[in-house]
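Please look over the sequence and the coordinates shown here before reading on. The briefing after them is arranged by topic.

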Amino acid sequence: MQTNKELFNYILVHVSRTWERIRLTQPHQEMPMDNIESVDFIVVVADRIYETDVIQGFANDTTQQDYFVNTTGVLSDTYIEGLASSIIEKEFHLNLVV
């Protein structure tokens, strides 16, 4: 599967924003890994989201008009950040209230 770089970068930005939002809610504003390690993890999360059926459906949809709302019921940023929160929460066993 060929990566749509622009779409992947869009996802990467939203995963990074989500990571930072979660970090700020943690005790001492720290995550279970340091800043350098977190970069690799954020890329892994973005890649996992990029590979989902919803994102691939969007990438292959010829019109892309209203794709996320029609497919998921929410806008793309809400979908991506919600999935990122879920993945981060599960990976680190966090109890998020975001």
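This is a predicted model: local features need pLDDT of at least 70, side-chain atom pairs count only at pLDDT 80 or more; totals for chains, interfaces and linings use all residues.

Residues are numbered from 1 along each chain as its sequence is written, and side-chain values use heavy atoms, with hydrogens and water left out. Helices are DSSP runs (H or I, at least four residues), numbered from the N terminus.

**Aromatic pairs**

- A search of the whole structure finds 8 aromatic pairs, where rings of Phe, Tyr and Trp (its six-membered ring) pair if their centres lie within 6.5 Å, and planes under 30 degrees apart count as stacked, over 60 as edge-to-face and the rest as tilted.
- One of them joins Phe-8 and Tyr-50, whose ring centres are 6.1 Å apart and whose planes stand at 75 degrees, so the pair is edge-to-face.
- Because Phe-8 lies in helix 1 (residues 5-25) and Tyr-50 in helix 2 (residues 35-50), this pair ties together parts that are 42 residues apart in sequence.
- Both Phe-8 and Tyr-50 are buried, a word that stands for under 20% relative accessible area, with exposed meaning over 50% and partly exposed in between (1.4 Å probe, protein chains only).
- The rings of Trp-19 and Phe-41 have centres 5.7 Å apart and planes at 55 degrees, so this pair is tilted.
- Trp-19 in helix 1 and Phe-41 in helix 2 are 22 residues apart, and their pair links distant parts of the chain.
- Trp-19 is buried at 5% relative accessibility, and Phe-41 is also buried, at 11%.
- Phe-58, Tyr-67, Phe-68 and Tyr-79 form one aromatic cluster.

**Helix 3 and its cover**

- Helix 3 (residues 53-60) holds the buried residues Val-54, Ile-55, Gln-56 and Phe-58.
- The cover over the buried residues of helix 3 includes helix 1, helix 2, helix 4 (67-72) and helix 5 (76-92), with contact meaning heavy atoms within 4.5 Å.

**Helix 1 against helix 5**

- The axes of helix 1 and helix 5 come within 9 Å and cross at roughly 55 degrees, the axes being lines fitted to C-alpha atoms, for helices over the stretch in contact, with angles running from 0 to 180 degrees between N-to-C directions.
- That angle makes helix 1 oblique to helix 5, since angles under 35 degrees count as roughly parallel, over 145 as roughly antiparallel, 65 to 115 as roughly perpendicular and the rest as oblique.
- The residues of this contact divide into 9 nonpolar, 4 polar and 4 charged, where Ala, Val, Leu, Ile, Met, Phe, Trp, Tyr, Cys and Pro count as nonpolar, Asp, Glu, Lys and Arg as charged, and the others, Gly among them, as polar.
- Glu-81, found in helix 5, is buried with a relative accessible area of 13%.
- Not counting residues up to four places away in sequence, Glu-81 touches His-14, Arg-17, Thr-18 and Arg-21.

**Loop between helix 1 and helix 2**

- His-28, placed in the loop between helix 1 and helix 2, has a positive phi of about 60 degrees although it is not a glycine, and at 71% relative accessibility His-28 counts as exposed.
- Gln-29 lies in the loop between helix 1 and helix 2, and its phi is near 50 degrees, a positive value in a residue other than glycine.
- At 40% relative accessibility, Gln-29 counts as partly exposed.

Terms used. Helices (H or I, at least four residues) and strands (E, at least two) are DSSP runs, numbered from the N terminus.
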